[in-house]
Amino acid sequence: MPLPKEQTYTEDDYWNLPEDIRAELIDGRIYYMSAPSRFHQEVLNSLLTEINLYIRSKKGTCRVYPAPFAVKLRKDRDNTVEPDISVICDHSKLTDKGCTGAPDWIIEIVSPSNPGHDYVRKLNLYADAGVREYWIIDPAEESVMVYIRREDHFDFTAYSFQDKIPAGIFDDLTIDFVELIADIPAED
């Protein structure tokens, strides 16, 4: 007896989800996302502030968007993700619904419930789509994995929360994780 076929979802299904549901559409599957922890949100907020202040100080034109922000990675595929932070420098990719095309820089903060989603599934998606830079921040491991696109592959460098990490898409932006984490209040 054949196994029942798993349902394949489309972009229309994704856009018809209730507004209070956070999910991503990857290769025809819907992946539901739980609410992030307070630490996750603190890291996201601090990074968002650092990147925005840098861009403003340089009178740059790149735009920075926190989740939830829909990113359709390729026009020819039904993959829509919601990276924790998306930096988009090509304004022609911006739409009323979010972004269509690869952002220049994506930052994901790992959820303890599904680390493989960011380390494997999304890494492969982002590489295939042409994302220039991808950071995976893992609070449990206190690590930051940085992937910089070089022609048809990512170069990889591992950092810790004790490091100053250079942003590859900008010449002189460095994120000091010691300073960034020091500003986050301890959880009760």
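**Basis.** I worked on a predicted model, in which local features need pLDDT of at least 70, side-chain atom pairs count only at pLDDT 80 or more, and totals for chains, interfaces and linings use all residues. Residues are numbered from 1 along each chain as its sequence is written, and side-chain values use heavy atoms, with hydrogens and water left out.

I recorded helices (H or I, at least four residues) and strands (E, at least two) as DSSP runs, numbered from the N terminus. Most residues other than glycine have a negative phi, and most peptide bonds are trans. I noted these cases:

- Glu142 has a positive phi near 50 degrees and lies in the loop between strand E10 (133-138) and E11.
- Lys59, in the loop between helix H2 (38-57) and E3, has a positive phi of about 55 degrees. Lys59 counts as exposed because its relative accessibility is 71%.
- The peptide bond from Ala67 to Pro68 is cis, with omega near 0 degrees. Pro68 sits in the loop between strand E3 (63-66) and strand E4 (70-72).

I then followed strand E11 (residues 143-150), which runs antiparallel to strand E12 (residues 153-160) and is joined to it by 8 bridges. Two strands pair if DSSP finds at least two bridges between them. Ile148 has Asp155 of E12 as its bridge partner. The hairpin has 2 residues between the strands, and Glu151 takes a positive phi near 55 degrees.

**Helix H3.** I checked the length of H3 (residues 115-129): its 15 residues should span 21 Å at 1.5 Å a residue, and the end C-alpha atoms, 20 Å apart, agree with this. The expected span is 1.5 Å times one less than the number of residues. H3 bends by about 40 degrees at Lys122, the bend being the angle between axes fitted to the seven residues ending there and the seven starting there. Gly130, with a positive phi near 95 degrees, follows H3.

**Lys122.** What does the side chain of Lys122 contact? I found a polar contact with the side chain of Glu24 at 2.6 Å (a pair of N or O atoms within 3.5 Å; within protein, one must be able to donate a hydrogen and the other to accept it, and residues adjacent in sequence count only if both atoms are side-chain atoms). Lys122 counts as buried because its relative accessibility is 2%.

Conventions:
Buried means under 20% relative accessible area, exposed over 50%, partly exposed in between (1.4 Å probe, protein chains only).
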